[in-house]
Amino acid sequence: MTTHDVFFLLAGLVTAGAAIRAVTTSYLLHAALWLVVALGALSGCYLVLGAELVALVQLIVYVGAVVVLVIFAMMVTRSPTGRTTAHNTSAATRWAGFVLAAGTGGLVGAVLVSAYAGKVAVQSAGTSALGGELFGTWVWPFELLSLLLLVALVAALAMSRLGVGDADSESIR
């Protein structure tokens, strides 16, 4: 086992632990913060694998934009940040989620085991080729995604302001 394997294993364990905490915590704000840890550790996995561009994009797009958007939406919509019964699910839903997560984890594990066993050759095209594909072929989906995030942000802000005037006018009466 090399040093890269140890760092990859540590980053993977942090990612898995933080992801489990993100979906099992009852506090919405804590879930968002655990998601930051999970996505940051995942970028560490990419960094250990030698995909610096993907690690940087992971940090910028997911940690820097998506999670900040989630936390911002929680703040402007006055969603409950503490323990609430609104986010509780039934036992059947939890078991279905567990079965789905176990199936996905088994599939990813099978791919990783076959990749390390030498059955599937993992070839890297390099950072310049990946950047060329990302900002050449896939630039329009990226731009549409950024437009979608902007619309979601504006809609969340508009929805948070809908009841402000009504609540103030009712409290005056």
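Helix H3 buries Ala55, Gln58, Val63, Val67, Leu69, Met74 and Val76. This is a predicted model. The cover over these buried residues includes H2 and helix H6 (139-162). H3 itself has 25 residues. From first C-alpha to last, H3 reaches 34 Å, close to the 36 Å expected at 1.5 Å a residue.

Take Gln58 as one of the buried set. Gln58 lies in H3, which runs over residues 52-76. Its relative accessibility is 7%, so Gln58 counts as buried; the cut-off for buried is under 20%. What does Gln58 touch, leaving aside neighbours within four places in sequence? The contacts are Leu39, Leu42, Ser43, Tyr46 and Val63.

The axes of H2 and H3 come within 8 Å and cross at roughly 175°. H2 is therefore roughly antiparallel to H3.

Helix H1 covers residues 3-24, and H2 covers residues 28-48. Their axes come within 8 Å and cross at roughly 160°. H1 and H2 are therefore roughly antiparallel to each other, since angles over 145 degrees are classed that way. Their crossing is left-handed. From H1, the contact residues include His4, Phe7, Phe8, Ala11, Gly12, Val14 and Thr15. Among those from H2 are Ala31, Trp34, Leu35, Val37, Ala38, Ala41 and Leu42. The H1 contact with H2 divides into 16 nonpolar, 4 polar and 1 charged residues.

One last stop is Ala16, in helix H1. Is Ala16 buried or partly exposed? Its relative accessibility is 38%, so Ala16 counts as partly exposed. How far apart are Ala16 and Leu39? In sequence the gap is 23 residues. In space they are 10.0 Å apart, C-alpha to C-alpha. Leu39 is one of the residues that Gln58 contacts, which leads back to buried H3 residues such as Gln58.

Methods
Residues numbered from 1 in each chain as written. Predicted model: local features only at pLDDT ≥ 70, side-chain atom pairs only at ≥ 80, totals over all residues. Heavy atoms only, no water. Axes fitted to C-alpha atoms, helices over the stretch in contact; angles between N-to-C directions. Helix = DSSP H or I, 4+ residues; strand = E, 2+ residues; numbered from the N terminus. Parallel < 35°, antiparallel > 145°, perpendicular 65-115°, else oblique. Left-handed = near helix turned anticlockwise from the far one by under 90°. Contact = heavy atoms within 4.5 Å. Nonpolar A, V, L, I, M, F, W, Y, C, P; charged D, E, K, R; others polar. Buried < 20%, exposed > 50% of the residue type's maximum accessible area, 1.4 Å probe, protein only. Expected span 1.5 Å × (residues − 1).
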